[in-house]
Amino acid sequence: MPKLEQWEIKKYWEIFRGLKPQDNKLNGEKLAPVFKNSRLEQDKLTKIWDLADIDADGSLDFEEFCIAMRLIFDLVNGNTTNVPSNLPSWLIPGSKRHLLDAEEAVSTRMNNVNAGSESDTDEEYTLDSDFDWYISPTDKSTYEDVYNSSCDNYGRIKFSSLDDLYKSLSKVPLTDISYAWNMVNPKQSETIDKDQCLVFLHILNQRSNGKRVPRSIPASLRATFSKEIPDYDPQSQQGNISQPAFNSDTKREDSFASGYLNKLGASKSPLVSNGTDFSETKGTDWEEVKLRRELEDLEQLLEKAEMEKNNKGKDNHLALVKHEFEQLLKYKEEQVKQMDSKHGGGVNLDSAISNINSIEIQVQQLEQYLRSKQDELSRLNREIEAAK
């Protein structure tokens, strides 16, 4: 299979850098001389531009520039005589593959709708159009497990991060998966955030249970991840997402993403349907995890603040920051006590309280360390004065 060699990439980078890109991109005006120097026909150059500009923003970043250069050199050197109708897979950057998958999914769906594709006709007739946007607490917990198991250090999710999940959804075609990704990712970013991911997983869950993927997302959900302003009018219909009545006859052999989570070892318990949803009263593990994480962040902030203030010698400001953190610590302790009294305690709450006690000890140690450093600073100041 052909590929871009390192020496090619280096050569393309020298050309790209020499054209002085702005925001790491080159527009058509700067690239026109380079394209025309190839002496290829204008229609071929136009097709090359359309193929290379994957995100369709009217300019080429370095990855897209490499695509255009390789296509041009292949034509100039006689390796091929025509511009391909689609980019070969080996020439598609991994960071932009999801854009082409989403575009293909949209195109496929539109063709099926307009032409009535026979291959999908039977399945389309069996799908239910009554898509339910309500996310139950149980489903939300499952989606959060998937998100926490797959996100990067910045809390972002790539399309390829969930490849194993897609493989486990035997009833969901890749075209629908890509179409759903495109819906929750209107800006066609390489990654999505948590809110987008939860909606994306909910669409896949509904599709795996025989619901047809809708053509759009309600504004009340879309506003949470596209930074749009929701409609606060009480008469607005955008927020009509109601909880469905429980159907005792509805059973699922396997809950959504259970195989995927079990494979990752991220499942806290067997993900099977228990009938009526009691998840709001059975436990609050996710709240305790969140609380412990916040306490750990608090500890790190304490250490960072005291180190910075020691170096700068701004004791008054340090005392103020320390006081604020101590107040926040007391607030977290009250939260744990309330959870303990509400749910009768438990192993997880005891662990959270133990963590708080540990933090208090560490705060005391930090205070002692601070005093020792202040004494050392005073001693150094005296020595400096004596040396004068």
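How far is the sulfur of Cys 197 from the closest cysteine sulfur, and in which residue does that closest sulfur lie? The distance is 8.4 Å, and the partner is Cys 151, too far for a bond. A disulfide is a covalent bond between the sulfur atoms of two cysteines. Here a disulfide is taken as a pair of cysteine sulfur atoms within 2.5 Å, and the structure holds zero of them. For Cys 151, likewise, the closest cysteine sulfur is that of Cys 197. Cys 197 has a relative accessibility of 0% and counts as buried, while Cys 151 is partly exposed at 25%. Buried stands for under 20% relative accessible area, exposed for over 50%, and partly exposed for values in between, with a 1.4 Å probe and protein chains only.

The model is predicted, so that local features need pLDDT of at least 70 and side-chain atom pairs count only at pLDDT 80 or more, whereas totals for chains, interfaces and linings use all residues. Residues are numbered from 1 along each chain as its sequence is written, and side-chain values use heavy atoms, with hydrogens and water left out.

The protein has 388 residues, of which 35% are buried. Its secondary structure comes to 16 helices and four strands. Helices (H or I, at least four residues) and strands (E, at least two) are DSSP runs, numbered from the N terminus. The protein exposes about 24,200 Å², and carbon and sulfur atoms supply 48% of that area. Accessible areas were computed by the Shrake-Rupley method with a 1.4 Å probe; for residues, only the protein chains shown count as cover. Of the contacts between residues at least 6 apart in sequence, 70% join residues at least 24 apart. A contact means heavy atoms within 4.5 Å.

Helix α3 spans residues 42–52, and its buried residues are Lys 44, Leu 45, Ile 48, Trp 49, Leu 51 and Ala 52. These residues lie on the same side of α3 because they cover an arc of only 165° around the axis. The arc is that of the directions from the helix axis to the C-beta atoms. The buried residues of α3 pack against β1 (25–27), α2 (28–36), β2 (59–61) and α4 (62–76). On the face turned away from the buried side, α3 carries the exposed residues Gln 42 and Asp 50.

For residues 40–75, UniProt lists "domain: EF-hand" in an unreviewed entry. UniProt positions are given in the numbering used here, feature names are shortened, and annotations may be inferred rather than shown by experiment. The end C-alpha atoms of residues 40–75 lie 8 Å apart, and the span is 69% helix and 8% strand.

Most residues other than glycine have a negative phi. Lys 20, in the loop between α1 (6–18) and β1, has a positive phi near 55°. Lys 20 is exposed, with a relative accessible area of 64%. Arg 39 lies in the loop between α2 and α3, and its phi is also positive, near 60°. The relative accessible area of Arg 39 is 77%, which makes this residue exposed.

Helix α10 covers residues 194–208 and includes Gln 206. Gln 206 is buried, at a relative accessible area of 10%. Beyond its neighbours within four places in sequence, Gln 206 is in contact with Phe 131, Asp 132 and Lys 211. Between Gln 206 and Val 172, 34 residues apart in sequence, the C-alpha to C-alpha distance is 9.8 Å. Ser 208, also in α10, is buried at 17%. A polar atom of the Ser 208 side chain lies 2.7 Å from the backbone oxygen of Asn 205. Not counting residues up to four places away in sequence, Ser 208 touches Lys 171, Val 172 and Phe 256.

Gly 210 is placed in the loop between α10 and α11 (219–226). Gly 210 is partly exposed, with a relative accessible area of 25%. With residues up to four places away in sequence left out, Gly 210 touches Thr 126, Leu 127 and Asp 128. Asp 128 is 82 residues from Gly 210 in sequence, and their C-alpha atoms are 6.0 Å apart in space.

Note on methods: A polar contact is a pair of N or O atoms within 3.5 Å; within protein, one must be able to donate a hydrogen and the other to accept it, and residues adjacent in sequence count only if both atoms are side-chain atoms.
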